[in-house]
Amino acid sequence: MLFGTNPFFRWSYITSNWAQIQGDLLQHIWLTLLAVAIGTVISIPLAVLAWRYRIVRAPIFGFASALYIIPSLALFAILGPITGFVASYTTAEIALVGYTLLILIWNTVAGLDAVPADAREAATALGYSPTAALVRVDLPLALPYIFAGLRVATATVIGLVTVTALIGLGGLGQQITYGFNIGYNTPIIVGLVFSIALAAVADLLIVGAERILVPWARNRRTGSVA
Amino acid sequence: MSFLAHVFGWFTTSANWTGPQGIPVLFWHQLKLSVAVVLSALVIGGGLGMVLGHTGRGGLVAVNAANAFRAVPTLALLTLLAIQPAISLKWDGFLAAWLALTALAIPPILTNTYVGMRQVDADVRDAAKGMGLRGSQVLRTVEAPLAVPFVMAGVRTASIEVVATSTLAAYVSYTDLGTYVITGLNTNDSVVAFSGALLVAAMAGMMALVLGVLTRVLTPRPLRRRTEARLSRSGGIGRRPAPSV
């Protein structure tokens, strides 16, 4: 069962395969960074549009929800003929970015909705144009929500990157499929534990960035939106 | 257009509607798995969320832990369970998929239930206590009904994730609609994969509809309009911002 020829965990696996694990970890980080960065760049303008123009809200959320519902595996299969099957970053990133959009757009819109009317009126009274008010008042005040979305999106993407192993990428997912194919626990656990550790480190970094960028929220309990 | 014509052709081929790999059988497999997963996650995540929300203790820790749980690769849990001889072949691979996906479905339900319990007006809770209700009675007759829209938002999020992710179960142990997707991926046949994805999307849409109706039925009548507005204001489907500690 869990022991004998297939022990629950074999430490020597890590030391003798360190180069491979390190490469997988780096690919995992790279795939995640790219997905969250592109996702953010796409989401914020879309969220601003959805927040400012009620008519486009439903189509934008519909689009993001659709991308969220389509299983990433299916997306690989559909995109494959166009963007390439084997180890294609484009195929992988389209699926990963698609997954972040709904989370990031929801949170950004929620954050913009939560900007106090007083703050916006004060900005108008000070002579800010709508664009200036957006950039210098609304978006900064929405930052705690945007960061909350980034945390969820990053954690989700780190978990999801492993699935791209099925098209030859996968980062730590390579360890998982390798372990599965030869029926060996240790590589799967390596993939699992390193993914969680990576997510924990990423979360700490995001929280740290938030403390620097959103100093006014530091002494307040943020996130109590209910 | 010829691609869509092929997809149409696939759906209208009668051979695809019969046998152990036919659409009805695989649709049923996926539905069975998804419902079982969401129900067990509701019992665990909902139960835990209610207790934590009621006592108000350890909640922030639980919510953050639940968020960290999102990073657990479902693929790792599935494959790990699927290669354990004691689990792998149980119930045609259903057991491994059920256990692995339940872990995925618990966090959104737990987080939303906790938030739903905490948003109950303190005055209402005090009034219930003042009327002489015991703690468990407050939980059952006051807090839980008022938290229903939030719990259901979590259930909806979890259901969509589970329906989409259960396609992965076809990679390791179980046959469901993911079988079409995996087969399509392995044989470079995007028609089959796309058709499978369409079926998965149809199931997700169907579940969202059923849950929408269920949410309305379960929500105490006076709450219906108000919480809908509140939910849509604060990020409806349960992707509520996680509290940052």
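**View 1. Chain A is built from nine helices and zero strands.** Helices here are DSSP runs of H or I with at least four residues, strands are runs of E with at least two, and both are numbered from the N terminus. This is a predicted model, in which local features need pLDDT of at least 70 and side-chain atom pairs count only at pLDDT 80 or more, while totals for chains, interfaces and linings use all residues. Residues are numbered from 1 along each chain as its sequence is written, and chains are lettered from A and ligands numbered from 1 in the order in which they are written. Following chain A along its sequence gives the pattern α-α-α-α-α-α-α-α-α. The C-alpha trace of chain A spans about 75 × 45 × 30 Å along its principal axes. Of its 226 residues, 46% count as buried; buried means 20 or more other C-beta atoms within 10 Å of the residue's own, exposed means 12 or fewer, and partly exposed lies in between, with C-beta atoms placed from the backbone. Among contacts in chain A between residues at least 6 apart in sequence, 70% join residues at least 24 apart. Two residues are in contact if their C-beta atoms, placed from the backbone, lie within 7 Å.

**View 2. In chain A, helix α3 (residues 54-69) crosses helix α5 (residues 89-113) at roughly 135°.** The two axes come within 7 Å, and the angle makes α3(A) oblique to α5(A). Axes are lines fitted to C-alpha atoms, for helices over the stretch in contact, and angles run from 0 to 180 degrees between N-to-C directions. Angles under 35 degrees count as roughly parallel, over 145 as roughly antiparallel, 65 to 115 as roughly perpendicular and the rest as oblique. From α3(A), look for I60(A), A64(A), S65(A), L67(A) and Y68(A); their partners in α5(A) are G98(A), Y99(A), L101(A), L102(A) and I105(A). By class, this contact has eight nonpolar, two polar and no charged residues. Ala, Val, Leu, Ile, Met, Phe, Trp, Tyr, Cys and Pro count as nonpolar, Asp, Glu, Lys and Arg as charged, and the others, Gly among them, as polar.

**View 3. Helix α4 (residues 72-83) of chain A has buried residues, among them F76(A) and I78(A).** S72(A), L73(A), A74(A), L75(A), A77(A) and G80(A) are buried in α4(A) too. Their cover includes α5 and α7 (130-161) of chain A, together with α10 and α11 of chain B. Just after α4(A), G84(A) takes a positive phi of about 100°.

**View 4. In chain B, α3(B) and α6(B) pack at an angle of about 155°.** Their axes are 9 Å apart, and the angle makes α3(B) roughly antiparallel to α6(B). Residues of α3(B) in this contact include A62(B), V63(B) and A66(B), while those of α6(B) include P107(B), L110(B) and Y114(B). Seven nonpolar, three polar and one charged residues make up the contact.

**View 5. The two chains meet through 48 residues from chain B and 52 residues from chain A.** Helix α11(B) gives the largest share of chain B's side, eight residues. That side divides into 29 nonpolar, 14 polar and five charged residues. Zoom in on A76(B), which lies in helix α4 (residues 74-82) of chain B. A76(B) is buried, with 29 other C-beta atoms within 10 Å. Leaving aside neighbours within four places in sequence, A76(B) is in contact with T162(A), I176(A), I188(A), G191(A) and L192(A).
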